[in-house]
Amino acid sequence: MTNVAVILAGGMGTRVGGNIPKQLIPLSDGRSVLEHSVDAFEEASCIDEIVIVMHPEWLKEAEKLSRRNAWQKVRQIISGGSERWESSFFAIKAISSSLAGRNEVGVFLHDAARPFVSQRILADVAEALETHAAVTVAVPVTDTLYKVRRDDVRGTKEVETIPSRTDFMRAQTPQAFHLDVLQKAFERALAQGQVAVTDDVGIVQAYMPEQPIFIVSGEEANRKITYAEDLK
């Protein structure tokens, strides 16, 4: 199987603050969030190619980083869409075009904002993808969860129920699929005129409910950088 990693860096990350996207903010070693994310897949023996999906205004910066780091697996740097699903869709189209004729292609979709993904996670996802057509990464919920009742008139919330946390897990990335599964899921989604989901597992689960989605154990270290304090 040819495995292609898609690094989704198309957002602007406004909740972090500053005047550049969060994926270009340097970490403590001076290298950016994006560089750390790409490095993880560059180092992974299970990954053959990498596609970076970047916000259109910052494409040149991504190209500059690729040259500076001399990444050998980065084959394409493309513009992202206005929503996450569009960025994934553009990547799928690019991969389908460049790898036309390949029998088995695995696609790893990873948030650039998760720069600390481990080699263990990547290896486990690749192994699972050999026998499952859809794979995701998740960790158990450790906090108590509230299902809330909203009063939109008063602008308040109240506790409605407290579900068992053993029934829930927190999603991480990468999320990996056989290319044909992603293509079919997006075809069905677009045929309905809109895509109202937040990630690629959501698209497959919503539009290909017959497709089981296997879960690989994640790690707390594989956290997503969302706010400024997450950079520390």
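The model described here is a predicted one. Ala133 sits in the loop that links α4 to β5. Leaving aside residues up to four places away in sequence, the contacts of Ala133 are Ala176, Phe177, His178, Val181 and Gln211. Ala133 and Leu182 are 49 residues apart along the chain, and 9.4 Å separates their C-alpha atoms.

## The sheet

Seven strands form an open sheet with mixed pairing, in the order β3-β2-β1-β4-β8-β5-β9. The edges are taken by β3 (74-79) and β9 (214-217); each has a single partner strand, so one side of each is left without a neighbour in the sheet. From one strand to the next, the twist averages 25°.

Strands in a sheet are paired by backbone hydrogen bonds, in either a parallel or an antiparallel manner. Strand β1 (residues 2-9) pairs with strand β4 (residues 105-111) in the parallel sense, over seven bridges. Within this pairing, Val4 has Val107 of β4 as its bridge partner.

How many of the eight residues of helix α6 are buried? Six of them are, so helix α6 (residues 200-207) is largely enclosed by the rest of the structure. The buried positions are Asp200, Val201, Gly202, Ile203, Val204 and Tyr207. These buried residues of α6 pack against the strands β1, β4, β5 and β8, and also against the helices α3 (84-98) and α5 (179-191).

## Salt bridges

The structure holds 14 salt bridges. One of them joins the side chains of Glu35 and Arg68, with an N to O distance of 3.2 Å. Glu35 belongs to helix α1 (residues 33-43) and Arg68 to helix α2 (residues 59-69), so the pair ties together parts that are 33 residues apart in sequence. Glu35 counts as buried, at 3% relative accessibility, whereas Arg68 is exposed, with a relative accessible area of 57%.

A further salt bridge links the side chains of Arg170 and Glu220, at 2.7 Å from N to O. Arg170 lies in strand β8 and Glu220 in the segment after β9, so this pair ties together parts that are 50 residues apart in sequence. Arg170 is partly exposed, its relative accessible area being 36%. In another pair, Arg149 forms a salt bridge with Glu158, the closest N and O atoms being 3.2 Å apart. Arg149 is partly exposed at 38% relative accessible area, and Glu158 is partly exposed at 40%.

Which residues make the nonpolar surface patch of about 330 Å²? The patch is made by Tyr146, Val159 and Ile162. Ile162 is placed in the loop between β7 (156-161) and β8. With a relative accessibility of 55%, Ile162 counts as exposed, because the cut-off for that class is over 50%.

Conventions
Residues numbered from 1 in each chain as written. Predicted model: local features only at pLDDT ≥ 70, side-chain atom pairs only at ≥ 80, totals over all residues. Heavy atoms only, no water. Pairing = 2+ DSSP bridges. Helix = DSSP H or I, 4+ residues; strand = E, 2+ residues; numbered from the N terminus. Axes fitted to C-alpha atoms, helices over the stretch in contact; angles between N-to-C directions. Patch = residues over 30% accessible without salt bridge, like charges linked within 9 Å, V, L, I, M, F, W, Y side chains within 5 Å. Areas by Shrake-Rupley, 256 points an atom, 1.4 Å probe, with all protein chains shown as cover. Salt bridge = Lys/Arg side-chain N within 4 Å of Asp/Glu carboxyl O. Buried < 20%, exposed > 50% of the residue type's maximum accessible area, 1.4 Å probe, protein only. Contact = heavy atoms within 4.5 Å.
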